[in-house]
Amino acid sequence: MQGPIESAMVGLTLTHEHLLIDFTPVLTEPSAASERALMEQPVSMENLWWVRHNWTSSVDNLRLFDEQTAIDEANEFFRAGGATIVDVTSVGIGRDPAALLRISKATGLNVVMGAGFYVDMTHSDWLRGASVDEIARKIISDIDEGVDGTGIRAGIIGEIGCSWPWTDSEKKVLEAAVAAQRETGAPLLIHPGRDEKAPMELLKAVEGWGGDMRRTVMGHIERTIYDRGALDEVAATGAYLNFDLFGHDESHYPLAKDTFMPADHERIEQIEHLVADGRSSQVLLAHDVCTKHRLKRYGGHGFDHIPARVVPRMRARGMHEEDVRMVLVDNPTRMLTFN
Ligand SMILES: [Zn+2]
């Protein structure tokens, strides 16, 4: 975001994170009176157990506003050998270019900033009234010139939020994001709705609008696709598959009955399947940190979870060194490189 970096400098990369975010648009208000009190309390040791199991119901948990905390937490990744964090906080959930630049300078990490818009519930009146072309021009300007005169430029389009079912406003935004990809060559990263059919519906639309599958990242694979056949179908499109929720535990994912959050070993099993199938060049990894309870300061796994605890398990289970390097360094470098 201080401008383009040499591809040799990309290094060990987390491809979907949020250093700062206002994730309160997803707040789920509890109905019980006692829990409504918990909803308003700052996260503390006393309520952390409740926050961990109701992480979308604590207002404070959904706010990552403190720059020093972000710097301290990101430094954990740097100390574990990390070089680049892709922050895909899009417009609607508090994207903060100036703060990301300060965090990058304070940590020595490359921070790649996103462009574009999150899910429908965060869309502004301007966005709802804008044409595909107007939205595309806004995204292109964030990439080519920088955000609102700051000169701070985005290095990726995303995360582009899509719900299930997919809304008209989200369709318009994704079409604009594809137009921006065609114009700039920038990678496009998509947040799919929670349905096994969502990724293919979205990727077919991207292809129909002339998008480049090999420059497109399908996010949240592990909480969206459980069936191996469905996984293979998405992989066959050539898109990147982002296993971007490492460290996020099933017991802390209170959503619909037909979706669940797998454990890390299940993510690794899906990745091993793709690697065995010759698809290691499409796999990307991240944590999608977006709440306090996943930071070390609040008892969470932190930004170094993948290098410190996931990669050693991958190696112990027999993943070859070239595949480890591929998913952590080579794929992010190729994904992020454009002119
Ligand atoms: Zn995210």
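User: How many bridges join strand S4 to S5, which run parallel?
Analyst: This is a predicted model, in which local features need pLDDT of at least 70 and side-chain atom pairs count only at pLDDT 80 or more, while totals for chains, interfaces and linings use all residues. Residues are numbered from 1 along each chain as its sequence is written. Helices (H or I, at least four residues) and strands (E, at least two) are DSSP runs, numbered from the N terminus, and two strands pair if DSSP finds at least two bridges between them. For S4 (residues 84–87) and S5, the number of bridges is four.

User: Which residue in S5 is the bridge partner of aspartate 87?
Analyst: S5 covers residues 110–115. Within S5, the partner of aspartate 87 is methionine 113.

User: Which helix makes a right-handed β-α-β unit with S4 and S5?
Analyst: A crossover is right-handed if, with the strands pointing away from the viewer, the path from the first strand over the helix to the second runs clockwise. S4 and S5 are the strands of such a unit. Its helix, residues 97–107, is H4.

User: Which residue in S6 stands opposite alanine 115?
Analyst: S5 also pairs with strand S6 (residues 156–161), in the parallel sense and over two bridges. Opposite alanine 115 stands isoleucine 157.

User: How many residues of S5 are buried?
Analyst: A residue is buried if 20 or more other C-beta atoms lie within 10 Å of its own, exposed if 12 or fewer, and partly exposed in between, with C-beta atoms placed from the backbone. Asn110, Val112 and Gly114 are buried on one side of S5, and Val111, Met113 and Ala115 are buried on the other. The count for S5 is therefore six of six, by the cut-off of 20 or more.

User: Which residues does alanine 177 touch, not counting residues up to four places away in sequence?
Analyst: Two residues are in contact if their C-beta atoms, placed from the backbone, lie within 7 Å. With residues up to four places away in sequence left out, alanine 177 touches Gly116, Ile139, Ile157, Ile160 and Leu188.

User: Which residue does a cis peptide bond join to tryptophan 164?
Analyst: Omega of this bond is about -5°.

User: Is aspartate 288 buried or exposed?
Analyst: Aspartate 288 lies in the loop between strand S10 (283–285) and helix H12 (305–316). Its phi is near 50°, a positive value in a residue other than glycine. Because it has 23 C-beta neighbours inside 10 Å, aspartate 288 counts as buried.

User: Is aspartate 148 buried or exposed?
Analyst: Aspartate 148 lies in the loop between helix H6 (132–144) and S6. Its phi is near 45°, again a positive value in a residue other than glycine. Because it has 10 other C-beta atoms within 10 Å, aspartate 148 is exposed.
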